[in-house]
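Please read them with the model open.

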Amino acid sequence: MFGTVLLLLVPLCAQGGSGEERAEAQRTGHVSVVVVGGTGDLAKKYLWQGFFELYVNQAGSGKTFSFYGGGLSPVDATTPVLFEILKAVSCSREVSQERCALLKEQFLRLAQYRQLKTQEDYQDLAKHIERELQQEGITEAGRLFYLSLPAFAYAGVADKINNSCRPTGGAWLRVVLEKPFGQDLRSAQVLAAQLGSSLKDEEMYRIDHYMGKQVVAKILPFRKENKKFLDPIWNKHHIERVEVILKESLDVKGRIPFYDQYGVIRDMLQNHVTEVMTLLTMRVPMNLSSSEEVLQNKLHVFRSMLPLRKSQAVVGQYQAYQTTVQQEMNKTKDHASLTPTFAAVLAHLDDAQYEGVPILLISGKMLDERVGYARILFKNDIFCLQNPNGVHCKPKQIVFYFGHGSLQYPAILVSKNLFKPVSMDAEWKEVTKHTDVNILGLPISDYYVQTPTEQKEAYSELISHILAGRKNSFISAEHLLASWGLWTPLLDSLAHSYPRIYPGGADNRDLLDIRVNGKDIGFNSEVVVISPDQMGGTSANSFQVMQGHFRSTDMVSAWAEELVERLAVDIEEAAEAAVREGGVFHLAFSGGSTPLALFHRLSLHHFSFPWSYTHVWMVDERCVPLTELDSNFHGLHEHLLQHVRIPYYNIHPMPVQLNQRLCVEEDGGALLYEKEISKLVNGSRLHFVLLGVGYDSHTASLFPGSKVDGLGESLVALTESPVKPHQRMSLTFSAINRARQVALLAMGKGKHELITQLSRVKDNPDKWPVTGVKPVAGRLVWYIDYDALLG
């Protein structure tokens with residue numbers, strides 16, 4: 001039977017919630033809370049304490065509750081375990097001992113353990129809830145399922161809830177999911193699809209407990225409250241760098257079977273660190289309570305993030321990790337795990353506000369202390385000639401300090417040489433009495449310090465938001481997939497990287513110090529690296545760049561990253577030679593995904609490239625508007641041209657859209673482009689042409705069976721593709737083979753079969769168009785990565 005409680009009303013903690021959310025929080029009715037995995041470690045440490053605090057805060061609100069711990073174990077054996085956990089919950093200092101004892105007694109009376117293993121178990125739970133509601137004559141407000149389970153179990157439990165335990169009569173259903181939400185983009189997509197077949201998006205609450213930390217939750221309100229101070233300086237002209245740092249001093253003993261699958265990037269950076277980063281760099285919403293506006297502003301950050309490449313990350317592994325893996329996973333002594341326990345990543349936003357601002361994202365185990373913070377470090381434009389320790393010469397910074405470390409309590413710190421922050425929130429107070437402690441290079445007395453009036457646990461905060469139906473503290477499916485889309489390519493590129501070994505704790509000294517070098521980072525100190533042979537395997541470094549021959553012409557081969565580096569160097573050398581000789585360099589790029597890594601390399605590393613003297617031409621173009629994603633020029637612009645200083649009149653997109661029509665022959669677009677080449681390029685002889693090769697051996701937009709020899713001496717032609725969009729515009733062999741230098745780039749295991757075939761066939765441009773690439777008075781070089789060459 002449900003207990004009846006008469007207690008003083010304590011308002012639900014839903015700061016900033018909309019009127020609709022507050023109304024939801026205060027609505028009367030009965031709420032059934034089901035913690036699936038209710039005797040697990042997370043439930044024991046945090047969840048039941050959070051639900052007890054929810055119960056205390058809701059006393060007198062008109063709601064009644066029942067609490068169920070669910071699990072696979074039988075009732076008789078597990079009920080005592082659950083009640084031992086429940087007896088350990090505690091009240092805040094504001095609650096008297098007498099009242100706390102009463103509340104705990106009622107909470108225990110409202111709780112029970114239930115086996116939740118089969119569909120029938122969930123049906124029995126639903127019948128039990130409905131029977132109790134009828135007996136008490138109480139209206140149901142909703143059901144809250146907290147899945148404190150491994151992610152692989154989510155879909156099955158969600159299906160059982162959907163089929164057997166949904167509330168009726170307009171009551172809500174809310175299902176809370178713990179991270180990790182997949183291991184990469186593909187697995188996250190699969191999980192989202194599986195859950196989507198059982199639950200509506202508004203019913204799912206993907207929880208990241210960092211969003212419940214008081215300082216993290218205060219970032220957006222702080223930025224809004226201090227808008228008049230921050231707007232002038234929250235940009236690339238004033239910010240030197242952004243840091244989000246989560247340091248842990250413990251190892252991962254006891255968690256190895258989970259941790260070795262995920263590692264520090266999946267465990268910490270993809271979720272907690274990324275969430276904090278978005279709060280620091282997103283546009284401040286007009287309405288902080290609008291879940292939709294918050295989501296859209298976060299998605300804008302993900303869309304603005306430049307791709308994360310291997311050279312923008314360093315990884316490490318504490319020394320004892322290997323031994324622990326061997327012990328806990330029963331591996332032999334020659335087993336070597338590449339799972340990183342430390343990672344530092346350098347990110348950048350392609351956004352006018354933050355262009356060029358380094359964003360450092362760092363987390364690791366077995367470091368010197370446990371501490372978490374986000375820091376905005378500002379440039380200091382004042383030079384103190386005779387008093388370098390004067391207040392104006394000290395670092396200018398804002399620190400969002402999550403807790404632990406030398407300060408021990410959560411706080412927002414603003415250096416006094418910036419501004420005195422305002423606070424319009426009664427739940428925060430200014431700290432004026434300080435202990436003698438330094439925070440990130442400054443004594444605490446050099447900061448204005450704000451801290452919560454009452455420290456609250458993150459899970460308790462988020463549980464209250466779930467009851468209120470407040471979703472902007474949770475991760476939407478769209479947000480989740482955007483984050484995985486950012487991190488998955490980096491994870492793939494690091495999959496075979498050997499982490500730097502570090503001893504752990506204070507013994508690490510400067511071993512993990514980071515050096516930022518342009519758009520890349522690396523470890524600052526040189527160390528002896530264990531060779532691949534000693535690690536029991538091979539790595540990308542086992543092979544160097546090789547030169548040889550392919551189809552009787554020059555070939556360069558390497559692992560993909562080294563190959564792209566070599567190609568970029570060769571293009572720059574060709575550009576410098578052409579500019580020295582004639583003051584101009586004519587470069588033609590093909591479309592597709594193959595050259596994207598090259599574009600990033602050129603834009604981020606080749607700062608001396610003579611772009612001012614370079615004309616960029618298109619090898620081929622799809623007959624779509626240039627603003628569409630399918631446009632080759634759109635990809636070239638997004639990934640290269642907008643990131644380099646090239647005169648706009650040196651950029652030559654193909655005129656596929658004339659007279660508001662696409663690739664109509666009588667509009668003469670091909671002839672127009674040919675005339676432009678003839679006018680600007682001496683002898684119509686381009687200096688460098690980059691080509692790819694398709695799985696069907698097409699190159700440019702010259703496809704098998706298209707009678708490429710019939711194009712004659714024309715330099716540009718309209719062609720037909722076997723796949724959509726069918727219409728194309730392309731340079732012909734006549735134009736390609738006049739070039740001084742042609743590069744054919746083939747990358748990826750998917751190209752191995754084609755490369756093998758091409759190594760055997762004779763020249764037949766009609767069947768194998770790429771075999772028609774034969775510069776008349778120039779040089780052809782094949783650039784083939786090891787995956788394509790060796791399979």
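1. The crossing of α11 and α14 is left-handed. This is a predicted model, and the points below should be read with that in mind.

2. Helix α11 covers residues 291-304 and helix α14 residues 477-494; their axes come within 10 Å and cross at roughly 10°. Angles under 35 degrees count as roughly parallel, and α11 and α14 are therefore roughly parallel to each other.

3. On the α11 side, the contact is made by Leu 295, Gln 296, Lys 298, Leu 299 and Phe 302, which meet Glu 478, His 479, Ala 482, Ser 483 and Leu 486 of α14. Five of these contact residues are nonpolar, three are polar and two are charged.

4. Strand β22 (residues 553-558) has five of its six residues buried. Strand β21 (residues 546-550) pairs with β22 in the antiparallel sense, over five bridges. Phe 550 has Thr 553 in β22 as its bridge partner. The two strands form a hairpin with two residues between them, and Arg 551 in the turn has a positive phi of about 50°.

5. β22 also pairs with strand β33 (residues 779-785), here in the parallel sense and over five bridges. In this pairing Ala 558 stands opposite Asp 785 of β33.

6. Is Ser 590 buried or exposed? Its relative accessibility is 8%, so Ser 590 counts as buried, the cut-off being under 20%. Ser 590 lies in the loop between β23 (585-589) and α17 (596-605). Leaving aside residues up to four places away in sequence, Ser 590 touches Pro 595, Val 619, Asp 620, Leu 690, Leu 691 and Gly 692.

Key: Residues are numbered from 1 along each chain as its sequence is written. This is a predicted model: local features need pLDDT of at least 70, side-chain atom pairs count only at pLDDT 80 or more; totals for chains, interfaces and linings use all residues. Side-chain values use heavy atoms; hydrogens and water are left out. Helices (H or I, at least four residues) and strands (E, at least two) are DSSP runs, numbered from the N terminus. Buried means under 20% relative accessible area, exposed over 50%, partly exposed in between (1.4 Å probe, protein chains only). Contact means heavy atoms within 4.5 Å. Axes are lines fitted to C-alpha atoms, for helices over the stretch in contact, and angles run from 0 to 180 degrees between N-to-C directions. Angles under 35 degrees count as roughly parallel, over 145 as roughly antiparallel, 65 to 115 as roughly perpendicular and the rest as oblique. A crossing is left-handed if the near helix is turned anticlockwise from the far one by less than a right angle, and right-handed if clockwise. Ala, Val, Leu, Ile, Met, Phe, Trp, Tyr, Cys and Pro count as nonpolar, Asp, Glu, Lys and Arg as charged, and the others, Gly among them, as polar. Two strands pair if DSSP finds at least two bridges between them.
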